[in-house]
Amino acid sequence: MKYSYYPGCAQHGTAVDYRMSVEAVFRRLGIELEEIKNWNCCGALHVDDMTTRVALSARTLAAGKGLDVATPCNLCYSNLMRANTALEDTSLKNRVNGALASKYDGDAKPKHLLEVIVKDMGLPKLSEHVKHQLKIKAVPYYGCLLTRPENKFDSPENPKSLDNLILALGAEPVKYYYKTKCCGGPILITNEGLALELAKDLLVMAKETGADCMVVTCPMCHLQLDAKQKAVEAKFNIKIDMPIIYFTQLMGLAMGIAPKELGLDKHLVPTDKFIAKAGR
Amino acid sequence: MQKENIVPESRDNAFRDLIIKTPGGRNIPTCMQCGICAGSCPVNHEMDYTPRELVRMIQLGLKKEVLSSNTIWICTTCFSCSVRCPRGIYPTELMETLKPIAMSEGIRNRNAKFDNVFADVIKKNGRASEFLLISKYSISEPGMIKQAPFGLALFSKGKLPLSIDKMEDVRELDAIFKLGEKSVDKEAKESTVAKESKETAPERSPKENEGQEAEK
């Protein structure tokens, strides 16, 4: 299995732990991720001109060179998916292609890494790599942009793919009614008060399930729920202490990879107790 | 909220028609005010108009009220409303459509500032380095200094590199960003600005639009 790989900007900064776990896990699974040369930012949710934002993703998809384009980030994924849909409009496609050196032809399919694991590789195959059944309870948290607005990979209302992945690792996915509610990440910089309110709701509800960790698929969600967890605790005078684990880190633990290689020491919420409980 | 009567003079049909022509506004005439968008919105309690109200206001052509509402900027782009709308209206895309139009109408707030900084960084470097973004944004938002301990915590974990992440070759970006100059949002700018200058609309002070965030 081979994909063009579009890491997205966060992998070079706040999501260095995600990057480490992706590299460690995918190498062992034998899935090749060939990084796109000279890749550009997708514009996240902040390049407001939509033609420009579509063109940024069109350039990425055009660089896929016949391979599907895999990405670890929900924001990148959603922009790539939306661009693909927007570019069905031929006049927009022609205009965008006028600005691109390599032309977009619509052949490359964007795929989130979770989709690569759950759909393309399949969970039975993953089970072959599992060395430790993780005897923990985990909150499957999908966030917004993995399944919205394009609901091609999983249900936008009640997705199951991450639940199933957690099960395949021997852990128990808890019932969590907030699994696709917004974490507030996109407004963190400009409206922190409101962003922390949203994160608080997610964290309090996660805590109430009795889970040992929350599993995420997006660097923005991780920043919001892990790095900002202390700020949430301070603002609302509550104790949360909930480890936020990338799904690739959870896979890595079950595959017997050392926590350090998975970047688990780089979280702001300590992960030691969680790692011990997970049997590592 | 105090409700005001809608007078014919506050209605701008050109604005309504312009929005309806965009991909985000296409289905607006079919809205039946069911309110599932408002009910699905995680931040509706902070908005001065819910998405449902905003859609109705566009149908009525209430340009000034629409463009100066905080709704456009409070939206977290979660798309919950969009996947539920029985009429296929994508309120999230509508907010995205309205942002550049509001900015071209002189709306300035934290979100507009941050988006401008973000777009500038991408246009120049092709990638977003968190440290560069925050430093540039902090120049116009001195309150960001309160985030210094947070930045330090990230830095100590190796999560906030001070070096600037950059594409090896940024030449294509100019052409990509030029596309925006020709897009519908700019057409909107031309038509609405021309109209407003005729009407000599009252100037909105930047401060008026900054009150949307609870002070930290």
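**Domains, chain contact and local elements of the predicted model**

Chain A is split by the domain assignment into domain 1 (2-112) and domain 2 (130-277); such bounds come from an automatic or database domain assignment. The model is predicted, so local features need pLDDT of at least 70 and side-chain atom pairs count only at pLDDT 80 or more, while totals for chains, interfaces and linings use all residues. Residues are numbered from 1 along each chain as its sequence is written, and chains are lettered from A and ligands numbered from 1 in the order in which they are written.

The centres of domain 1 and domain 2 of chain A, taken over C-alpha atoms, are 24 Å apart. The contact between them takes 22 residues from domain 1 of chain A and 26 residues from domain 2 of chain A. Residues are in contact if their C-beta atoms, placed from the backbone, lie within 7 Å. On the domain 1 side, helix 1 (16-29) and helix 3 (74-86) of chain A each supply at least two residues. Helices (H or I, at least four residues) and strands (E, at least two) are DSSP runs, numbered from the N terminus. Helix 1 of chain A gives the largest share of that side, 9 residues. The domain 1 side divides into 13 nonpolar, 6 polar and 3 charged residues. Here Ala, Val, Leu, Ile, Met, Phe, Trp, Tyr, Cys and Pro count as nonpolar, Asp, Glu, Lys and Arg as charged, and the others, Gly among them, as polar.

Between the chains, 46 residues of chain A are in contact with 51 residues of chain B. Helix 2 (50-62), helix 4 (90-99) and helix 7 (192-208) of chain A each supply at least two residues of the chain A side. Helix 2 of chain A gives the most, with 6 residues. The chain A side holds 24 nonpolar, 14 polar and 8 charged residues.

Strand 5 (residues 137-140) of chain A pairs with two other strands. Pairing requires at least two DSSP bridges. With strand 6 (residues 172-173) of chain A, the sense is parallel over 2 bridges. There, A:Lys137 stands opposite A:Glu172. Strand 7 (residues 213-216) of chain A also runs parallel to strand 5, joined by 3 bridges. A:Val139 has A:Met214 as its bridge partner in strand 7 of chain A. Strand 5, helix 6 (residues 161-168) and strand 6 of chain A make a right-handed β-α-β unit. Right-handed means that, with the strands pointing away from the viewer, the path from the first strand over the helix to the second runs clockwise.

In chain B, 13 of the 14 residues of helix 7 (residues 91-104) are buried, each having 20 or more other C-beta atoms, placed from the backbone, within 10 Å of its own.

How values were computed: Contact = placed C-beta atoms within 7 Å. Expected span 1.5 Å × (residues − 1). Buried ≥ 20, exposed ≤ 12 C-beta atoms within 10 Å, placed from the backbone.
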